[in-house]
Amino acid sequence: MAIGEAIEEQSLPRYHEKHYYPVKIGEVFKDQCRVIAKLGYGAYSTVWLAWDQRSANPIYFRERSPGILVFTHSTGQSSTPHSKQDTESSPILNEINMLRCLKRFADTDQRDLPGVGFTRLADDIFEIDMDSLYGRHYCIASKPQGQSIRVLQETFPNGILPKLVKSIVHRLWFSVNWFHSTCGVIHTDISPQNVLMQLEDDRSLKEIEDQESRDPSVPIITTHGATPVYRSRETKVELSGLPVLADFGQMRLAEGQTNQDWWVSDLYRAPEVLLGLPWEYPVDVWSIGVMTLELMEGKNLFDPIDHVNN
């Protein structure tokens, strides 16, 4: 193991090693998912590439699998899948509950609706029970996807995607319409960071596996503690124009409760939220509109910073 300065999730302001499950490359979960490489990290999770040893298919694994996402430590469970309280107290629990809710809709006769195909659903959700140091962690297994539109923007001059915007936004509406008309939920966090590009095939994932075989990742011990951290390997940027809407940690139920709090990220926040008025489905429509202009012109419609009074 190497020793170095803080990297990746350790550089986040609220990082604490006890909150992240120490995934190891080569580790096998559920006697089925073998971890191949680390793909990324966030405030609530780390993201890993894994292979399903039974079907030989790639998965995402989030410590939150055929990609696997592993969420950070969760302090409680919720039995109310849509409650606003869950969202505010734990984005982790809220996303888990929302994914289960969306999956129930997708597993009915709704599965052939186009919106389902443009939504990143969970193929499996399971828990890892650790000792008192790490607590309980949720893991989400889902089909691997490519980089976000935000990363895609960085490959184009001035962040402008004129030839892809129509394709991306047109298909994104299918996912949002499914949320609104069928599932009765509001995403509330639509932005280029949360829209991924579909992978056309598994070649880029196999390249990552080959890279890991030729040059194995070395876990790094840092000054923050004894928990080893791996550096992420980047997936290939796809220009397919086929979007997948992801990240449901802030998702809200539209019916049965009144949403009137300060919500949605700054750049994409609708006027009714700014004015403290009740808000529903249209906040997603507003966010897509603002994002569309950003993708076409490479600049933000609004500046969320008050440069005079700040």
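**Chat about bridges, cysteines and cores**

User: Arg252 first: buried or exposed?
Analyst: Buried, with Arg252 at 0% relative accessibility. Keep in mind that this is a predicted model.

User: Which residue does Arg252 form a salt bridge with?
Analyst: Asp261, and the closest N and O atoms of that pair are 2.7 Å apart.

User: How many salt bridges turn up in the whole structure?
Analyst: The search finds 9. One of them joins the side chains of Arg203 and Asp201, at 3.0 Å from N to O. Another links Glu209 with Arg34, at 3.9 Å.

User: That 3.9 Å, N to O, for Glu209 and Arg34: what cut-off applies to a salt bridge?
Analyst: The nitrogen and the carboxyl oxygen have to be within 4 Å, and Glu209 and Arg34 are listed as a salt bridge at 3.9 Å.

User: And how exposed are Glu209 and Arg34?
Analyst: Glu209 is partly exposed at 23% relative accessibility. Arg34 is also partly exposed, with 30%.

User: What about Arg203 and Asp201?
Analyst: Arg203 is exposed, having a relative accessible area of 55%, while Asp201 is partly exposed at 27%.

User: Switching to cysteines. How many disulfides does the search find?
Analyst: It finds 0 across the whole structure.

User: OK, on to the core. Which residues touch the most other members of the largest nonpolar core?
Analyst: Leu102, Trp178 and Phe179, out of 46 residues in that core. Elements that each supply at least two of its residues include helix H2 (91–106), strand E8 (136–141), helix H5 (162–183) and helix H8 (282–297). H5 gives the largest share, 9 residues.

User: What is Leu102 in contact with, leaving aside neighbours within four places in sequence?
Analyst: Leu121, Trp178, Phe179, Cys183, Val185, Phe248 and Met251.

User: Which residues meet between H5 and H8?
Analyst: On the H5 side, Pro162, Val165, Val169, Leu172, Trp173, Val176 and His180. They meet Asp284, Val285, Ile288, Met291, Thr292, Leu295 and Met296 in H8.

User: Last one, Asp189. Where does it lie, and is it buried or exposed?
Analyst: Asp189 sits in the loop between E9 and E10. It counts as buried, with a relative accessible area of 17%, because the limit for buried is under 20%.

User: What does Asp189 contact beyond its neighbours within four places in sequence?
Analyst: Asn194, Gln250 and Ser265.

Terms used: Residues are numbered from 1 along each chain as its sequence is written. This is a predicted model: local features need pLDDT of at least 70, side-chain atom pairs count only at pLDDT 80 or more; totals for chains, interfaces and linings use all residues. Side-chain values use heavy atoms; hydrogens and water are left out. Buried means under 20% relative accessible area, exposed over 50%, partly exposed in between (1.4 Å probe, protein chains only). A disulfide is a pair of cysteine sulfur atoms within 2.5 Å. A nonpolar core is a set of buried Ala, Val, Leu, Ile, Met, Phe, Trp, Tyr and Cys residues joined through side-chain atoms within 4.5 Å. Helices (H or I, at least four residues) and strands (E, at least two) are DSSP runs, numbered from the N terminus. Contact means heavy atoms within 4.5 Å.
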